Amino acid sequence: MKKSLMPLAAITFSIMITVPTFANHIYAGEEVEKVVTYDENGNKVITLIFDPAKTPDFMKKETENTNFERIPPLTEAPEVGTTLAYILNENAPPDAVGASRFMKAYQSGLSGQCTWYAAGRFREIYGIELPNFGDAKNWITNIFRSNKVKAITDLSDVPEQSIAVYEPTEGFKSWAGHVSFVEYVERDKNGNPVNVYYTDANGAGDLKKDEFNAGYDGTVKISSFEDFKNPYGLKLIGYIVPTE
């Protein structure tokens, strides 16, 4: 026997009418209110009312910051050891802890981690907040989580102001990988990369692991391109850049 389609029709129609005064309001999450009413035939009608103001951040459509001005690429090699990024909030009180210590771009993630710094520097340069890509070694694989960025896997095409992504080599499979930020590239007369100037956090030379270290995190390092591709225990697998 076929089931009656009356309740379904009533639900569809209820969206276009005023909710009766005898409606029963049931909240189904902060952003959704479920209103239960009954039509003239006694059929239950359920109407969902969405409040965009209460929508969780992870459900909101990504929007561009139209007022943001991108930091232009460097025109010459930066001085090794200097800090290009604006990480610490100079207006924060001396005893500030947590996110309040940092500028807006660096207020997400676990401070001191390589992923925290790379995402913060990318946001500082481009105004693009990256989603959670997981461990550093998975950032290229999980690039689909944002339509604002893309991956470049031609390693010889080193884009300035990009995130370099590394996965562990065979003998270090348990490592989470690494990400760094390419600041400037010196090239030969044919345009091939020779030296790479980069910044990162929680790298091999960081003496304060898993915490913010102003003496290392964000400071400029230099590496030959060959060494940049294959630091100890890691191998370069690609770069992350904006889609436009």
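## Contacts along the chain

Among contacts (heavy atoms within 4.5 Å) in the protein chain between residues at least 6 apart in sequence, 56% join residues at least 24 apart.

This is a predicted model, in which local features need pLDDT of at least 70, side-chain atom pairs count only at pLDDT 80 or more, and totals for chains, interfaces and linings use all residues. Residues are numbered from 1 along each chain as its sequence is written, and side-chain values use heavy atoms, with hydrogens and water left out.

## Fold and surface

The protein chain has 3 helices and 9 strands, in the order α-β-β-β-α-β-β-β-β-β-α-β along the sequence. Helices (H or I, at least four residues) and strands (E, at least two) are DSSP runs, numbered from the N terminus.

Of its 244 residues, 39% are buried, meaning under 20% relative accessible area with a 1.4 Å probe, protein chains only. The accessible surface (Shrake-Rupley method, 1.4 Å probe) of the protein chain is about 15,100 Å², and carbon and sulfur atoms account for 53% of that.

## Lys221

Lys221 belongs to strand β8, residues 221-224. Because its relative accessible area is 12%, Lys221 counts as buried. Leaving aside residues up to four places away in sequence, Lys221 touches Val80, Val196, Tyr197, Tyr198, Asp200 and Tyr216.

Asp200 and Lys221 are joined side chain to side chain by a polar contact of 2.8 Å. A polar contact is a pair of N or O atoms within 3.5 Å; within protein, one must be able to donate a hydrogen and the other to accept it, and residues adjacent in sequence count only if both atoms are side-chain atoms. A polar atom of the Lys221 side chain also lies 3.0 Å from the backbone oxygen of Tyr216.

Methods: Buried < 20%, exposed > 50% of the residue type's maximum accessible area, 1.4 Å probe, protein only.
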